[in-house]
Amino acid sequence: MASSDEDDSLVQYGINDKPPLSESLFLGFQHYLTMVGANIAVPLILAGAMGMPEEIIPRFVGTFFVVSGAATLAQTTFGNRYPIVQGAPFSMLAPALAVVGVVTANPPAGIAAWRAALLQLQGAIIIAAIAEVLIGYLGLIGKLRNYLSPVIIAPVIALIGLSLFNSPDVITADQNWWLLGLTLVAIVAFSQYLGEQSKAFKLFPVLLGIVVAWVVAASLSVAGVFTPGTPGYVDLASVAAADPVYPIYPLQWGTPGVTPAFVIGMLAGVAASIVESIGDYHAVARLSGMGAPSSKRMTHGIGMEGVMNVFSGLMGTGGSTSYSENIGAIGLTGVASRYVVQVGAVLMLVVGFVGYFGQLVATIPSPIIGGLYIAMFGQIIAVGLSNLKYVDLDSSRNVFIIGISLFAGLAVPAYMRSVGSVDAFQQGLTNTVLLGPYLGTDVVASTVYVIGSTSMAVGGLIGLFLDNTIAGTAEERGLAAWEESAETDADFATAYDRFVSDEEPVRADWLTVALIAAIDRLPPYQRGGIRPLGFGWMYQVPTRTQCGPKPDCGTLVS
């Protein structure tokens, strides 16, 4: 696995580094804060659509944080092992809302409409997630890597950030721009101007920026300047009124139901989530000073996301996927430590169960989240575009593919939003001349609507098609330069390799380089039998009896 000095210079703590626990607690909390807005928004949107009772909502939100913590620990320990947080996916929100809308419109007798809708949503997520597990662990995503180039990945990563420029936390009509601006200025000041003055400023710019803005907002709320219902208001009374502990456990809402039509719609959401996660993997690798992810790492990453989506369905939430928010935090802070993210995951688990703490975090007002988004997602956009350094930008072919991927990735989802809903979209397809009866089916309409509503999926699929069908050399597409820094499958040790296998993983140290040089001087038939002995510092090639009459066989390389 290769990484450049340029990338390494941006990292304060590398992926395998373990800062002191006291420091890691604050760094982990900082990662947790970056995803609070999205991880609260998704359950609140679902709860509103289901008509969930007010007294149930805090427990529902807490469940999302418990699932996020467990999924993050699983992914960083047994999955792709990137320092990336898992959380509630927006890419699966559209089919989830479709399920909720259908069930609440005609609820079954003997059960509350919100509970019936949630149980159907759980069943759809569980079955769709099983498909994601198979797609991941059968290696289908790993095979896709052979068709990816920087020409495709750069727009996909950039669209992760660009797709959220119109988030309600940023562009709401009654936005408190003073508070949003204070948050943004504080984060920029701590991360870009004061970082050299203090280690705390360099490592905790997001945490410090949020704290500064929250203290100001809370003070103005107590003073009556910010009133209830206005952007920026901090409801401190809600913290005291919160339940001390929430009882959160699998199947807490009941036994999930399975309806094939709902599962098919959710499969489209899973597909969009997979495309987004592939972009996230490349972004976090680049910001962590690592090469592009190997097929093996991507396989285990998507497979583990599927496993934790099954867990999410059993717990009764809206799914789980890789989050872009903390990737932006890595760019701002230079803290790419897996250990730090794991500490943050434990905090998420605690917050999910403890009502007071969770409610305190939930008081962070929308304008502060908006300022945070501008700083972090702007960073992700730049990281995506930085992948173009591998690409020949004098090639009209590359410029065309990149441009149309970006434009379509923004325009198509905007069109889907203007349509309004999957039902309206399906009605429009039904009216299509000749093909209406086929395009207007639930399967086609739901799939196209969900994928078309996801910027990363639209831009990625268009780029994937064009980049692999329009003629271009490996050097022109950036593949040659990209592969020089990309990790190989041998660089990634799976959970089985680390916890079960007796063989020591290959280490990319000076001795390995020397061994490779020695191996290259061996006859071709002799190279394939080289295997590690002991602790990996001695390698045995085939014995003379294994080689037969071949000359120069049975050499010991150490």
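View 1. At 1% relative accessibility, D467 counts as buried (under 20% relative accessible area; exposed is over 50%, partly exposed in between; 1.4 Å probe, protein chains only). This is a predicted model: local features need pLDDT of at least 70, side-chain atom pairs count only at pLDDT 80 or more, and totals for chains, interfaces and linings use all residues. Residues are numbered from 1 along each chain as its sequence is written, and side-chain values use heavy atoms, leaving out hydrogens and water. D467 forms a salt bridge with R477, the closest N and O atoms being 2.9 Å apart (a side-chain nitrogen of Lys or Arg within 4 Å of a carboxyl oxygen of Asp or Glu). R477 is buried too, at 12% relative accessibility. Salt bridges with shared partners join R397, D467 and R477 into one network.

**View 2. The E487 and R297 pair.** Their salt bridge has its closest N and O atoms 2.6 Å apart. E487 is buried at 3% relative accessibility. R297 is buried at 5%.

**View 3. The K199 and E23 pair.** These side chains meet in a salt bridge of 3.5 Å, N to O. E23 counts as buried at 16% relative accessibility.

View 4. Beyond its neighbours within four places in sequence, L46 is in contact with residues including F60, F64, L93 and G318 (heavy atoms within 4.5 Å).
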